[in-house]
Amino acid sequence: MTEATPGQTVGPFFHHALAYPGDSELVPFGAAGSVVLHGHVYDGAGDPVPDAMIEIRQADASGVVPAVGGSLRRRGSAFTGWGRCCTDAAGHYWFSTVEPGLPFFAVTVFARGLLDRLFTRIYLPDATDAVDGLVATRETDGRLRFDIHLQGPSETVFFTFPRT
């Protein structure tokens, strides 16, 4: 009988190995039609997580999920619908993107202490089929805010998918 290999936690190497210039800019910051999606990542005690990494995948403004390569070198290229952002010392993340024509952003969370990545969604404020607790708040300046809570009484809803 073969023994299973023990699990390993992910991170906290993201800031050193996976970040790259412009990773959180799916469209240039301040471009016509752009919106900022931002928030904080908190641990179970409510403290900011300064070394998490968030990835988003989304449809474009017309509702089409792009099938375009080149996400790492998107300057001047087509909208790819994918971005990555490492949190700062205050646990803050942000993306400059467009509001998706489908009513949500697909989100993946990587953080120290996790045995695997976490999956969730961020729904637009006016989405009619949103999951409770997964709706972004539109701020007075038009930005979308969504805080991610890894554990605790305000824990974000995370999805599981069967492995094949």
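**Note on the predicted model: aromatic pairs and strand pairing**

1. The aromatic pairs in the protein number 4. In one of them, phenylalanine 119 and phenylalanine 161, the ring centres are 5.3 Å apart and the planes meet at 85 degrees, so the pair is edge-to-face; the cut-off for that class is over 60 degrees. The structure is a predicted model.

2. Phenylalanine 161 counts as exposed, with 55% relative accessibility. The limits that apply are under 20% for buried and over 50% for exposed.

3. A charged side chain also faces a ring: arginine 121 lies over the face of phenylalanine 104, and the distance to the ring centre is 3.8 Å.

4. Strands E5 and E6 both occur in an open sheet of 4 strands, ordered E3-E2-E5-E6 and paired antiparallel. Strand E3 (82–86) and strand E6 stand at the edges with a single partner strand each, so one side of each has no neighbour in the sheet. From one strand to the next, the twist averages 25 degrees.

5. Isoleucine 56 has valine 107 in E5 as its bridge partner. As a general point, strands of a sheet pair through backbone hydrogen bonds, either parallel or antiparallel.

6. Which strand is joined to E1 by 7 bridges? Strand E1 (residues 34–42) has these bridges to E4, and the two run antiparallel. Glycine 39 stands opposite tyrosine 93 in E4. Strand E4 (residues 92–98) is mostly covered, with 6 of its 7 residues buried.

7. For the protein as a whole, there are 1 helix and 9 strands. Of the 164 residues, 41% count as buried. The accessible surface is about 9,200 Å², and carbon and sulfur atoms hold 55% of this area.

8. Among contacts with a separation of 6 or more, 67% are between residues 24 or more positions apart.

Note on methods. Residues are numbered from 1 along each chain as its sequence is written. This is a predicted model: local features need pLDDT of at least 70, side-chain atom pairs count only at pLDDT 80 or more; totals for chains, interfaces and linings use all residues. Side-chain values use heavy atoms; hydrogens and water are left out. Buried means under 20% relative accessible area, exposed over 50%, partly exposed in between (1.4 Å probe, protein chains only). Two strands pair if DSSP finds at least two bridges between them. Rings of Phe, Tyr and Trp (its six-membered ring) pair if their centres lie within 6.5 Å; planes under 30 degrees apart count as stacked, over 60 as edge-to-face and the rest as tilted. A charge sits over a ring if NZ of Lys or CZ of Arg is within 6 Å of the ring centre and within 35 degrees of the ring normal. Axes are lines fitted to C-alpha atoms, for helices over the stretch in contact, and angles run from 0 to 180 degrees between N-to-C directions. Contact means heavy atoms within 4.5 Å. Accessible areas come from the Shrake-Rupley method with a 1.4 Å probe; for residues, only the protein chains shown count as cover.
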